[in-house]
Amino acid sequence: MYIMSSIVAENYNSKAVVNLWPDFIDWSKRRQGENGFLKKTLEKNKVNSVFDSCLGDGCDSIYLLKEGFDVTSNDFDLEFIKKAQENARKENVKLNISSFDWRELGRHYDKESFDAVLCLGNSLTYLFCKKDQLNTLRQFYKILKKDGILVIDERNYQYFLDEKDEILKGNFRYSGKFVYCGKKVHAYPIKIEKNRVVMEYSDKNKKNKGNLVLYPFRRNEMKKLLAEAGFKKIQQFSDYKKEFNPDADFYIYVCRK
Ligand SMILES: C[S@@+](CC[C@H](N)C(=O)[O-])C[C@H]1O[C@@H](n2cnc3c(N)ncnc32)[C@H](O)[C@@H]1O
């Protein structure tokens, strides 16, 4: 049974986006791209219980369940939950699902419930105002045990903002090696503004298409929010390497409570 959130979301995933998602991320290529980063990070931090805050199509939750972690999977989108359940059946695993909006997690989970919280696949970008972003990070902080970790990522939106004109002319630089790795479905920015980016997702022959409107974090903006939410030690990785690379596709943060 799902208990639905009372907050009205401003950004829904269309059915088209949900159906394109598995081919957009390519599960096995995502694992190749991160090369054990997630599992090693969780093991190094002695994590057992994981709260995957944004289940999506189940790619990371199903992988971690198979690796023996105790995973609770959350998403506020019932279409994505259905897709994840379909995938879990195929993969012979059982998901433990909740359907709460991040902004009210603390009302549904006790303080200090999990060893790790995941917010992966460039997800915080679904929220547009600082108040909601910060509130979400504070909810994650609250449900983490003492010394627990948040693993969160973001796209390199600074590149989108800096190279807007070139990108909109069709010269979009993207390696396709990390996080979103599929070859059958691609995503291109079709609008880039200071406070919103519109991404178009389509398969090769453009038969199936969907859009998402996302918030483009500026360089260091997410890092500052993480500190403001109370996280003490924040380690930044660029495409999973422990360095700062201005040309990376993704930044990943491992943050300790
Ligand atoms: C970009 S997708 C990433 C999905 C998955 N984690 C991955 O890596 O492929 C973002 C996910 O976050 C979920 N989401 C967005 N805002 C949310 C919120 N406020 N509360 C709960 N889930 C949310 C969306 O429904 C969607 O499934």
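The exercises below work through the sheets, the core, the ligand shell and some single residues of a predicted model. Residues are numbered from 1 along each chain as its sequence is written. As the model is predicted, local features need pLDDT of at least 70, side-chain atom pairs count only at pLDDT 80 or more, and totals for chains, interfaces and linings use all residues.

**Exercise 1. Describe the sheet that contains β6, and state what packs on it.**

Step 1. Helices (H or I, at least four residues) and strands (E, at least two) are DSSP runs, numbered from the N terminus. Two strands pair if DSSP finds at least two bridges between them.

Step 2. The sheet is open, and its three strands follow the order β6-β7-β8 with antiparallel pairing. Its edge strands, β6 (185-192) and β8 (209-214), each pair on one side only. From one strand to the next the twist averages 25 degrees; axes are lines fitted to C-alpha atoms, for helices over the stretch in contact, and angles run from 0 to 180 degrees between N-to-C directions.

Step 3. Helix α1 (residues 15-25) packs on this sheet and touches β6, β7 and β8. The direction of α1 makes about 95 degrees with that of β8.

Step 4. β6 and β7 (residues 197-203) are joined by seven bridges. His 186 has Ser 202 in β7 as its bridge partner.

**Exercise 2. Find the edges of the seven-stranded sheet.**

Step 1. This open sheet has the order β3-β2-β1-β4-β5-β10-β9 and mixed pairing.

Step 2. β3 (97-98) and β9 (233-238) have a single partner strand each, so one side of each is left without a neighbour in the sheet.

Step 3. Strand β2 (residues 70-74) runs parallel to β3, and two bridges join them. Asn 74 stands opposite Ser 98 in β3.

**Exercise 3. Describe the largest nonpolar core.**

Step 1. A nonpolar core is a set of buried Ala, Val, Leu, Ile, Met, Phe, Trp, Tyr and Cys residues joined through C-beta atoms within 7 Å.

Step 2. The largest has 68 residues, and those touching the most other members are Val 50, Ala 116, Val 117, Cys 119, Leu 150 and Val 151. α1 gives the largest share, six residues.

**Exercise 4. Which residues come nearest to the ligand?**

Step 1. A residue is near a molecule if its C-beta atom, placed from the backbone, lies within 6 Å of it.

Step 2. There are 18 residues around the ligand, and Cys 54, Gly 56, Phe 76, Asp 77 and Gly 121 come nearest.

**Exercise 5. Characterise Asn 35.**

Step 1. Asn 35 is in the loop between α2 (27-34) and α3 (37-44).

Step 2. Its phi is near 50 degrees, a positive value in a residue other than glycine.

Step 3. With 11 other C-beta atoms within 10 Å, Asn 35 is exposed.

Methods: Two residues are in contact if their C-beta atoms, placed from the backbone, lie within 7 Å. A residue is buried if 20 or more other C-beta atoms lie within 10 Å of its own, exposed if 12 or fewer, and partly exposed in between; C-beta atoms are placed from the backbone.
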